Amino acid sequence: MSIFEALLAGLYTAVSLEVLPFVVIGALLGLVIGIIPGLGGHFAMAMLIPFVFRMSPATGIAFVLAAHASVAQGGGITAILFSTPGTGQNAATIFDGPPMTEKGEGGRAVGAAMTACFLGALFGVFVLTLLLPVLRQVVLVFGPPEFFMLAVLALTFIAVLSDKGININKGLIAGFLGILFSFVGMCNVTGVRRFTFGQLELWGGLPIVPVMLGFFAVAEMIHLWVEGKSLASKASSLNFAGLQKQIFQGVLDTLRRWRLVIRCSAIGTTIGLIPGLGSASAAFLAYAHAKQSSKNPDEFGKGAIEGVIGPESANDAVEGGALAATVAFGIPGSSSMAILLAILVILGVQPGPNLMLNNLDLVFVMIWTVVIGNFIGTIAGMFVANPLTRVTFLRSSVLVPVLLIIVFTGAYVVHGVYGEVIITFVFGLLGYAMKKLDYSRPALIIGLILGVMVEKNYYLALKLYGSTFFMQPVALIIMIITVTVFFYNIFKLVQSQRRNYTRAG
Amino acid sequence: MRDDSREKRRAITELLFGIFLLALLIVLFVMVMTYQPVARRAPLTVMIPLFVMLAAQLFIFYRRLKKLQSHQINDGKTEISIFKTRKLRKVLVITLFIISLMALIYLLGHVIGMAIFLIVFLRLVSRERWVLSLALGIGVPVALYLVFEKLLHIMVYPGIIHRYF
Amino acid sequence: MKKLSLKKLLKVGVYAAMFLLFLGVLAGCSPPAEEAAPPDVSGDGKIEVEKPSVKDEAAAFYKGKIIQLIVPYEPGGGYDVNSRLLAPYLEKYSGATVVIRNIDGAGGMLGVNEQYLASPDGLTIGIQNAVACVTNQLAGIEGIAFDMQKFGWIGRLTTDVRVLAMRNDFPYKTIEDMLAAPETFKIGATGLGGSTFVDAVIMKNALELDWEIIHGYDSSPQIDMGMLRGEVDGTFGSYTSRLSMLESGDQFVILQSGETRSSELPDVPTWFEIATTDYSKKLITVLEATHSVGRPFAAPPGLPAERLEFLRDVFYQAVHDPEFVADMIKADRPINFLSGEEMERVIDDALNMPEDIKPIFEKTLKGEI
C-alpha cells in the first residue's frame, strides 16, 4: 500500500459511520476533561480503556486519540478565562490570556487559542506524515548528548523571558531558582533523595501540575481578591452575539499571524520528538520565541495576542512529534503515548515498525483522528467559551472562593496525594510574591522543567561518549546554535538596556 | 509624600523577599553539602551563580532603600505604619483562609471541607446573602463530588477522620 | 464591594479555630481499639439465630458497598490497566462496586503506604509492585510505613519473567558466547535501586562479569532508544513489557529468569543454568525470590478473617473467569495466579534472606557496589 493510498484509506475509515461518532464523543469528552483542572490527556485516555476493549482497532484508536486531542482546547479556555491552566501544557497561556480577558477581550483570546490549537495539531501531523518514510532515522538522531544540548539551548530562553528593562537580574534569579527546584527528588544516578525533607511526596520531584496550579492559578486568585476586581473588568455589557463576534475576530487574528503559528508549531513538534520534555516545556519555549520575535516584546504579559497564539499552537503540535517515536518503534514519548501503546496491544495491533509495514492505514487513522478530533474540539470550544466567559463577569468576592476550591480539588486529583495540595499552596504564595515583585515566572518554570534533564543527560552522555560527547555531529550543530542564540540574546538585551537608559536619561 | 511611602514599602518588601530567597538558598546549600559528590555537583553549579546574583540584587535593593530614606524626613510613626495597609491585611486574610481550607480538607475530606469553607467565606468575608452562600456552598462541592466520584470515578480526598469509621 | 471589617474577620477566625479544635478533639478521642474491631459484623441476636455460614455474612456485607482499589501508579500504567481490566470481574463476584483510586508517587511507595494505613474494613484493597516494596523494605528506606509481612494477601495476579534483552545487531547470539567474549558490554539501567539496576548488579556479581552498568536512564523506553542507537548493548526487563520490541526484531532475549524455561522462551537458558558456583547459585536464588512476589493484591493488616477469605474467593473466581482470561490473553498480559496463602509464604521467603547474602543485596540497593 502506498502512502497516498493509505492516507485516503485512513480518511475513509476515520469519517465512516462506524468510527466518526466515537471521534465526536471522544473529542467532546476530552474538552470537558481539559476544562477540569488537574486532569490531562492521559487521564482521558485511561478512562476509556474499559470501553475500547470490544471495539475494532480503528474505532478504539480513534476514540482514545480524539479524547486526547481536544484536551488542550479545554485547558486553554480555562487558562484564558480563569487563570487556571487545566493541564501543564496550557500554563504558558496564562501570561497573556487573562490580561486579555481583563481588557474585555476574553472571547478574542479564546477564539485565537482554539484556532491556534487546531493549526498546531494540523502542522504536527503534517510533519509526521512527511517524515513517515524516514521516521526511524529522524527519531534516532536524538540521544543523551543531543538531549543535553537541546535542553541547554532551551535554558538560554530564560534570558529572553527575563528581558524586562532593568529586571534582567531578577529574571535570571527566577530561572536559576527554577533549575535548583528541579533537583528536588530522587537523583537517578546516585539514589540520593535531594531536598525532600523526608517527604515521600517529593521523591519523584516537584509535581508539575500542582506547582503550576499554585504558581499561576492560586497566585492569580490571591491577586484578584486583594485587588477586589472581577476577572473581566471592562466588558461586562457584552451580549451573546457580541461575544461570538469577538471569538470570530480571534480566529482571524490567528490566521493573520500564520507565520508565528508555523514557527511555534515547529518548536512544538521538535520537542514532541524528544521523549521526556513534554508539551508544557514546548508551550513555554514557544511563548519565549513569540516574545523574542515580536516587535513589541514589552506588550507581553499585558495581553498580547501573540502570547496566546504561540504556546497554544505549540502544545498541540507536540502530538505529531510524540506520535512519531510511538509509531516508529513502539517506544512511548510521554505518558499519554504509553497508554496509546497499551491500548494498541489490547486491540490486538502490534505497535512499532510492523505497524508501518502492515497497518499503515491505521497510522493514518491516528493522524486523521488527531485532525478531526482537534477540529471538533476547536469548534465546540468556541461555543463552550461563550457561557464560560459570562462567568468571568462575576465579582471576585464570589468567584475567588469558588475557583480556589476547584483548583485545590484539581491539585489533589492529579496523583491522589494530599501533600500536593500543600505544594500548590506554597507555590501559590511564591507565585504571588514573584508576580508582585516582577520576578519572571515563565523563567522559573522553564528552569524547573529542564534543569534536571540537563543533569541526567549530561551524566549519561559523559558515561557513554566520554568528555568529548559534545563533538558528536548533531550535538555540535545544536551547540553552535545555542552559542549563537545566547550571544544574540545578550546583544539584544544590551541594546534594549541602552535604549531604556537613553529613554530614561 | 504618599508616593514616596509606597515606593519605600515596595523597597522593603523587595528586600525582605530577597532575604527570604537568600535564607532558602543557604538552607539548601547546607543540605547539599551532606550529599555525596556526584549528587552535589549539579546543584552547586547552579547555587554559586545564583548566590552572586542574589547578593547583587540585595545590594541594589538596599541602596534604593537607603536613597529613599535620605529623601524622607523620618519620624518613627511612618516607619511603623508602613505595613499596616489594607492590601497586606487582605493577603494575610486570604492566606489564613487557604490554610484553614487545607486543614478542613485534611480533617473532613474534600466535599465537607469545601462546603464549610465556601459557606463561611461567602457569608462572613464576602458578605453575600445567606441564600447565595448556602446555595453555592452546598451546590459547588456537590457538583464537584458528582463530577469526580460519580462521573469520572476519581476519589477525592476522604479526610483522615474517615479512617476512624 | 462592601468594606471589610477587621472585627468580623477576627470573629470568623475565632469560630474557625474553635471548630478546628473541636475536630481535633474528636479525632484524638476515637479509641484506637475501635480501629481493629470490625463494625457491624459482631454477631447480634438475629444473625446468631439464623446461623448463616461466615461466607454468606461477608457476602451480605459487600453487597452494594464500594470497594476502593488503590493503584499506586498513574492511570494507564501496567498496574492501572491490569486493575481496570480486573475490576468488572471483581464486581461481578463480590456484588460490590469497585472504584479505582490512583495514588501515584515515590515509585509506588505512597500508594502502598496508603493501603497499609487504610481502615481494615475490607473496603480498601490495592495492587502492589511487591518486588519494589520488598527491596525498599530490605534497604530500610525512610518514609516507608508498611511491613510486607503484615498485609492481608488476597492473591497474585501476575509475575513477570525477567529477561536480559540485547539489541538486534549484538554480535553474540547466545549467553555462552557473550560470557566467553573478551569485550566489556554496556548494560543499560534506570534509576539506582530499580529492578533493572538490581538485576544487572546482582548478575554481574554472581557471575563475576566485567559489565559496565549504565544507569541513570529515565525509563525503560529510553533504554530501548539507547539500544536502537547502539549506545548500550542490552538491558534487563520484564518479558511482557519487552514484547513489542522483541516481536519487531529490534531486540532478542539472551537470558531469562526462573528455575525452568518458560513456555514462551523454550530456547533461552535461565539464569540458574549459567550459575556454576555455589555462591552464584545462592545469590540467584535470592534474586529469584524477590521477583516471585510479583504484582499481588493486598488488604490492610487487621482485616477480619472471614472478609479476607471472601476477598480471596472473589479474587480467585475473577481471575479464573474465562472471559477475563481471554481478555488478558488478548492484551498480551499472561496471568500467573497465586493464592493469598501462598503469597504469605513467598513474601516471607523474599524477606528472610540468608545472612551472608543480605549485606550484598543491601549494598546493591544503596548503590554501594
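Biologist: I'm looking at B:Arg127, found in the loop between α5 (110-125) and α6 (130-151) of chain B. Why is B:Arg127 called partly exposed?

Modeller: First, a word on the ground rules. This is a predicted model, where local features need pLDDT of at least 70, side-chain atom pairs count only at pLDDT 80 or more, and totals for chains, interfaces and linings use all residues; side-chain values use heavy atoms, without hydrogens and water. Residues are numbered from 1 along each chain as its sequence is written, while chains are lettered from A and ligands numbered from 1 in the order in which they are written. Helices are DSSP runs of H or I with at least four residues, strands are runs of E with at least two, and both are numbered from the N terminus.

Now to your residue. Buried means under 20% relative accessible area, exposed over 50%, and partly exposed in between (1.4 Å probe, protein chains only). B:Arg127 has 28%, so it is partly exposed. B:Arg127 also has a positive phi of about 55°, although it is not a glycine.

Biologist: What makes C:Glu208 count as buried or exposed?

Modeller: Its relative accessibility is 68%, so C:Glu208 counts as exposed. C:Glu208 lies in the loop between α9 (195-207) and β7 (212-215) of chain C, and has a positive phi near 50°.

Biologist: And why is A:Ser279 called buried?

Modeller: Its relative accessible area is 17%, so A:Ser279 is buried. A:Ser279 sits in helix α15 (residues 278-293) of chain A. Beyond its neighbours within four places in sequence, A:Ser279 is in contact (heavy atoms within 4.5 Å) with A:Gln89, A:Asn315 and A:Val318.

Biologist: How do you know whether chain A agrees with a compact globule?

Modeller: The radius of gyration is taken over C-alpha atoms, and the globule rule is 2.2 Å times the number of residues to the power 0.38. With 505 residues, the rule gives a value near 23 Å; chain A has 22 Å, so it agrees. Chain A has 23 helices and 2 strands, and 68% of its 505 residues count as buried.

Biologist: What makes β2 (97-102) and β11 (338-339) of chain C edge strands?

Modeller: Two strands pair if DSSP finds at least two bridges between them. In chain C, 6 strands form an open sheet with mixed pairing, in the order β2-β1-β3-β10-β4-β11. β2 and β11 each pair on one side only, and these are the edge strands.

Biologist: How do you know that strands β4 and β10 of chain C pair?

Modeller: Strand β4 (residues 152-158) and strand β10 (residues 295-299) of chain C share 5 bridges in the antiparallel sense.
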